[in-house]
Amino acid sequence: MATATWTRRHVLSLADFTPAEYDTVLQTAASCQEVLSRRTKKVPALQGLVIANLFFEPSTRTRSSFELAAKRLSADTLNFAAATSSLTKGETILDTAKTYLAMGSDMMVIRHREAGVPQAVAEEMDRLGVRVGVLNAGDGQHEHPSQALLDLFTLTSLLDPEYPRLKLLADKKIAIVGDILHSRVARSNIWSLTASGAEVHLAGPPTLLPKWFGEWGVGSGEWGVGNGEENGEIGGWEDGFSQSKIQSPKSKIQNRKLFVHWEIEPALKEADFVMTLRLQKERMTAHLLPSLREYHQRYGITRDRLKLCQPGVKVLHPGPVNRGVEISSDLMDDSDFSLISQQVTSGVAVRMALLFLMGSGKPV
Amino acid sequence: MATATWTRRHVLSLADFTPAEYDTVLQTAASCQEVLSRRTKKVPALQGLVIANLFFEPSTRTRSSFELAAKRLSADTLNFAAATSSLTKGETILDTAKTYLAMGSDMMVIRHREAGVPQAVAEEMDRLGVRVGVLNAGDGQHEHPSQALLDLFTLTSLLDPEYPRLKLLADKKIAIVGDILHSRVARSNIWSLTASGAEVHLAGPPTLLPKWFGEWGVGSGEWGVGNGEENGEIGGWEDGFSQSKIQSPKSKIQNRKLFVHWEIEPALKEADFVMTLRLQKERMTAHLLPSLREYHQRYGITRDRLKLCQPGVKVLHPGPVNRGVEISSDLMDDSDFSLISQQVTSGVAVRMALLFLMGSGKPV
Amino acid sequence: MATATWTRRHVLSLADFTPAEYDTVLQTAASCQEVLSRRTKKVPALQGLVIANLFFEPSTRTRSSFELAAKRLSADTLNFAAATSSLTKGETILDTAKTYLAMGSDMMVIRHREAGVPQAVAEEMDRLGVRVGVLNAGDGQHEHPSQALLDLFTLTSLLDPEYPRLKLLADKKIAIVGDILHSRVARSNIWSLTASGAEVHLAGPPTLLPKWFGEWGVGSGEWGVGNGEENGEIGGWEDGFSQSKIQSPKSKIQNRKLFVHWEIEPALKEADFVMTLRLQKERMTAHLLPSLREYHQRYGITRDRLKLCQPGVKVLHPGPVNRGVEISSDLMDDSDFSLISQQVTSGVAVRMALLFLMGSGKPV
């Protein structure tokens, strides 16, 4: 597997990923995918290393994916479950991380409901001078880089299974539909997809769109699209970042092809790929949405709506799906359209690739 | 280990198990038992395969048994725990199963409080054309085949440790005592034990006996026993099956030696083996039982009652036991009578055998 | 690794540990520590053995430490989690232990909120004639031997990394500060530290000190120190032992250098090491403490207070720490003073050593 170009210790955000890094992940994931097609789906690459899965926010699905990736690299895993943890005993998150460091963890996979927690742990590890990599498995409304990378791998390996690479998406149009505002998946995907040169079109109810487009240039040049009203809402991307030291990505997003719409139709029009986002039902109790039914009527992905897209359009969803809300139930199960299963499979390969790349830098 | 005769992909119910299949399981389990007597209790048989334990209904004991069986075959396991799962997020059970499929699971062990869930998952796997075996680890009040097979292995390997086989029970009398109505353990055991040619006598309070005996011929031929009143209660075995597509086993149970009693004495009389069932305390809040004390007085297994049985009678219980309810506490600990520990040990061997048989059909 | 002198099957209490046993553990832990410094931190010592972690009282941190120790010896582990267990179904603890025995466990690591549970399980295993070792991972307010042994290893390997041994502490003064009364960590440490010949000084609020000093000779000979008032409070060490058959350790503690103080200053004066204990916040609702703030003012470890100690004094804490209560936050993070990270690291090495020593007596 290709590791020559990899120098990154932590994977916290895709904001500063380079094209070479994307391609290294994609090509390493392709090698991992090949391992997974064997009967004995295991390599000794990380034997004897310990990976701590610190899931302060519970997630069976993502944890299973990381755990399987670790096992297939022959690493040992330690699982921290928030529910039975000493967090209830008043220990800080950094103390927990340092405890797992002292036990001998070589890498940490961290999920937390607050943005910035994985970054804070990574900074602490660096400050302590230890060579422990931290992988952000989802932090608040900030980022979920491994999800965006598995989406990228799903798309690019569909276009070229032998040689998936960023530039395969350069001329594609990709729609991201739903609750952009609260979605760490969307934020990470915006970085990776726009980095490829693709046109990325966001669509969702105004209450569920971030307000930073105006600030950063929405309404002029490539940013402004749809009706003028969209630019009326101005605010800050930093909504979810209050507790972190994450830099504003404003300067980096400029010069990329990112568009925003209040209606779904302009986003879908001639799109090559449609990414739907999970709708948290809590959004309704917060009065950001009238009803699931109305949401589906206006923003749900259906066979009819897909006729606006390119022939051969494919639909993605990070799961778990609310059937009949983000996407109609029959469409979800139609393998002519849905890439949802491939995304899950890609997840194991991409997480193997990330752990392998991070772990191969450890001293022998 | 003998796999020549094994062609079954899923183990969902014992209703259609053939004598040859029972014997293959018993003989494979005997080989596994031998592995377990070594210091290094491990074989590389399923190395690199992934077994997903999907326990929608929590069970430390059964999950541990399956997990250990998998480890001793060198398989990797993924544990799904309902409590922290995305089920609370609105995902369907089939979606969860498909997610674990997409991650690369080769087999699934499924427990659910609704009858028919493992069957539904197995049908979906077949429909998708994937060679993934599903093992029913207990579904509602339907079946618990691995429990009945471990009971069968416990009994037959007691009679011939070298060569346990179904026909060893042909002339035995076996009593099953307790809450037959709600017991998936009883249902599976009825299939296996009557298949051996043994006489199977069910005994329990009328409120806890299934009502299908009448419908299916109780009161005539071999079905009718005890006092006539027993045949007054008529109903359906399908009580627990409402959500499944499981076929009525009516035709299959005929011509087998199955008897039903409201009193315990005729069931125990000259019995070679007595199986007691766990009493769920919820039954009392549902007014199906007066009190635990009265239950014990009428249906509890005690030294006195065992005098009705054959000398050398042995007692089984699937565990966990309510001491002093289903069985008197001192009897449970008396290794002259109790096979409870052997059942647990057999559990690991039989589950190893099942996973081995199901897994050895996977493409190499 | 040195196992010649090891004949102990269970590790339940340090009350009867011999100096040779302490030294065997320390030297074996030093070998394990060396294994942990390699890239592949794994040895096949216990391959094929099964270690059951029966944590009736939840503890992510201690369970992770034991689990990692087991994995690094290549043992398989079974984790029992109280929350989802059949304990809620009425099974006794001994029944649970016997179930895990019957599944094939070779060793059991047991934590329970009641004192004496691991002892009771060990007695049952012996009664059954099985060679299964039981390790007490914390029982009520009784003992936590692996914690005291990791503290001992932390201290002695600081003094001589190559050859840690009990007698290195012979002339040291060690203060143990805090809630001695409720602390199983303190109780185990009292045994090991006084066995080394060190002077051990206990300090804490009178409400949080055990009352057995008077009974057993406090106020005379080496026991009496500080002001006379301390001896006014008389009671029994056995507070936490009511449900166990643990023998009174009274006779064994005599002739050791143990002192007790109501004020922190005499304990700290010229101390070489200071052990702080975790303060359970429940103590306040029980009116044993006025407030965390007042506790910190009177008994918290701060830079100022450490000036009373020997230069080069080191501070220990079993974790998790309530920052700013038992110890000031900045001191905890100052590696010139704090041994907290080393304790966690020692924990894995010492637990490996204990499991190795207990497991190497198993028949091959």
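In chain B, strand 5 (residues 173-177) and strand 6 run parallel and are joined by five bridges; two strands count as paired if DSSP finds at least two bridges between them. Helices (H or I, at least four residues) and strands (E, at least two) are DSSP runs, numbered from the N terminus. This is a predicted model, in which local features need pLDDT of at least 70 and side-chain atom pairs count only at pLDDT 80 or more, while totals for chains, interfaces and linings use all residues. Residues are numbered from 1 along each chain as its sequence is written, and chains are lettered from A and ligands numbered from 1 in the order in which they are written.

Within the pairing of these strands, K173(B) has E199(B) of strand 6 as its bridge partner. Strand 5, helix 6 (residues 184-195) and strand 6 of chain B form a right-handed β-α-β unit; right-handed here says that, with the strands pointing away from the viewer, the path from the first strand over the helix to the second runs clockwise. Strand 6 of chain B also runs parallel to strand 7 (residues 258-261) of chain B, this time with four bridges, and V200(B) is partnered there by L258(B).

How much of strand 6 (residues 199-203) of chain B is buried? Five of its five residues are, where buried takes 20 or more other C-beta atoms within 10 Å of a residue's own, with C-beta atoms placed from the backbone. In a regular strand the side chains alternate between the two faces of the sheet. For strand 6 of chain B both faces are covered, with E199(B), H201(B) and A203(B) on one side and V200(B) and L202(B) on the other.

Moving on to chain A, the domain assignment (automatic or from a database) gives domain 1 (19-143 + 344-359) and domain 2 (145-343). Here 30 residues of domain 1 touch 30 residues of domain 2, contact being C-beta atoms, placed from the backbone, within 7 Å. On the domain 1 side, helix 14 of chain A gives the most, with eight residues.

As for the copies, chain B can be laid on chain A by a turn of 120° and a shift of 0.0 Å along the axis, with an RMSD of 0.0 Å, superposed by least squares on C-alpha atoms of residues with pLDDT of at least 70 in both. That is the relation of a three-fold axis. Where chain C meets chain A, the contact takes 22 residues from chain C and 23 residues from chain A. Helix 2 of chain C provides the largest share of the chain C side, seven residues.

Methods. Contact = placed C-beta atoms within 7 Å. Buried ≥ 20, exposed ≤ 12 C-beta atoms within 10 Å, placed from the backbone.
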